[in-house]
Amino acid sequence: MMTGNDDTKFETWLQDAAKTYNEPPTGTVPREQIWARIETERARRRARPVIVLRPWLRWGLAAAAVLVLGIGIGRWTAHEQTGGAGAAIARADSAASSDLVYQIAATQYLSRTETFLAGFRADLRAGRTEARFPGQARDLLTTTRLLLDSPAADDPRMRALLEDLELVLVQISQLGTERDTRNTDLITQDMDQRNVLPKLRSAIPAGPVPVRTQGAT
Amino acid sequence: MDERDLINRVRAGDGIAERALYDAHVDRVYRLAYRLAGDDALAQDFTQETFIRAFEKLDTFRGDSALSTWLHTITTTVVLNGLRKVKRFHTREADLEMADGVGGGRREAEPDLKVRLQQAIDALPQGYRTVFVMHDIEGFTHEEIGVALGVETGTSKAQLSRARAKLRESLADFAGEWVT
């Protein structure tokens, strides 16, 4: 039978013994070395617009497609409304449409991910781990990374959520076909700890998702 | 220099202020990264990434918490993400590292106990391990841990309690060490 005294003794002993756990090397932190690396890496990141354009190109094409669609719909529904203010309104609409593209893409993605994670979790609770999950997680991971590189991630809260989702999806995508209780426990623990599902649900606007997503079933 | 002034100068693009901010916090950030990663190269990578992100996101720092707490939030995110990605902590041979006698000199714990303790801590679920390392080894408060990990203070306390209980169970062979 453990007593409070035993607990205290154990905790004191443990704190003392654990000082050697992953103990940093004695001596000073390699400050100059790390600082030099920081400066180099920041300079490299600043000077890589061409590389950054690759995911943007995809988003640009998507934006263009939605803009064409939007303009088409706009002309179709509003061709009877004419007037001098039309051109100015169209310009404002064009800028708003660009933002709207990312919002639509983000909303669709969040809805799909929420459905996927809720299903994943329900299956775990029921003692099942379906082989389809890693593949689906990889698909969603691709979209997650595209969104992280898009203006949708300019919002700090959205970026934090996307980073959390990236982590969870990476872990699920790495699950084997065999039931892996240890790793699935870690995944659900992470989801709980980071409140992933509640944050995800609160980030999804109420109402129907506007457009069908790529690969949605 | 006052921390708020320092932050404002960094936001204005002052390179000297950036370096001063880095110097003021790098030791603690590196130390936490090392404790969680157990590897110098990884700890350096994580420290580097922490400061790069901090400089990029400093505009979003609202001053609700201390700058150090905000930096530790970034550190834990970077480290935990990084560890998952490289999965080094799953494959690392803790006992080999111990056999190297890193650091040399007299240690308080016996070699066998150290190896077992290392293994027991490594085997903790990540949430428990992080809280245990931050609280019992690095001396963070539950409030600081709560902010850094984005959890309630009560969750941090509960995870620490469970971590200790698991360690006690794993180290039951060594009960004589703390009972005496």
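Helices (H or I, at least four residues) and strands (E, at least two) are DSSP runs, numbered from the N terminus. The model is predicted, so local features need pLDDT of at least 70 and side-chain atom pairs count only at pLDDT 80 or more, while totals for chains, interfaces and linings use all residues. Residues are numbered from 1 along each chain as its sequence is written, chains are lettered from A and ligands numbered from 1 in the order in which they are written, and side-chain values use heavy atoms, with hydrogens and water left out.

**View 1. Leu113(B) in helix α7 of chain B.** Leu113(B) belongs to helix α7 of chain B. With a relative accessible area of 2%, Leu113(B) is buried; buried means under 20% relative accessible area, exposed over 50%, and partly exposed in between (1.4 Å probe, protein chains only). Leaving aside neighbours within four places in sequence, Leu113(B) is in contact with Trp13(A), Phe174(B) and Glu177(B), where contact means heavy atoms within 4.5 Å. Leu113(B) and Leu171(B) are 58 residues apart along the chain, and their C-alpha atoms are separated by 8.4 Å.

**View 2. The interface of chain B and chain A.** In this interface, 61 residues of chain B are in contact with 45 residues of chain A. The area buried between the two chains is about 5200 Å², of which carbon and sulfur atoms give 54%; buried area is the accessible area (1.4 Å probe) that two parts lose on being put together, summed over both. The rule finds 9 salt bridges across the interface, a salt bridge being a side-chain nitrogen of Lys or Arg within 4 Å of a carboxyl oxygen of Asp or Glu. One salt bridge joins Arg31(A) to Asp23(B), with the closest N and O atoms 3.4 Å apart. On the side of chain B that touches chain A, α2(B) gives the largest share, 12 residues.

**View 3. Glu138(B) and its arginine partners.** Glu138(B) lies in the loop between α8 and α9 (142–149) of chain B and, at 8% relative accessibility, counts as buried. Its side chain meets that of Arg31(B) in a salt bridge (3.1 Å, N to O). This pair links distant parts of the chain, since Arg31(B) is in helix α2 of chain B, 107 residues apart from Glu138(B). Arg31(B) is partly exposed, with a relative accessible area of 34%. Leaving aside neighbours within four places in sequence, Glu138(B) is in contact with Arg28(B), Arg31(B), Arg35(B) and Val133(B).

**View 4. A network of salt bridges.** Glu41(A), Arg44(A), Arg45(A), Arg159(A), Glu163(A), Glu49(B), Arg53(B) and Glu56(B) are linked in this network. Side chains of opposite charge can pair when their charged atoms come close. The side chains of Glu41(A) and Arg44(A) meet at 2.8 Å, N to O; being 3 residues apart in helix α2 (residues 31–46) of chain A, they are separated by about one helical turn. Glu41(A) is buried, at 15% relative accessible area, whereas Arg44(A) is partly exposed, at 43%. Arg159(A) forms a salt bridge with Glu163(A), the closest N and O atoms being 3.5 Å apart. These two residues are 4 residues apart in helix α6 (residues 156–173) of chain A, and therefore about one helical turn separates them. Arg159(A) is partly exposed, at 26% relative accessible area, and Glu163(A) is buried, at 11%.
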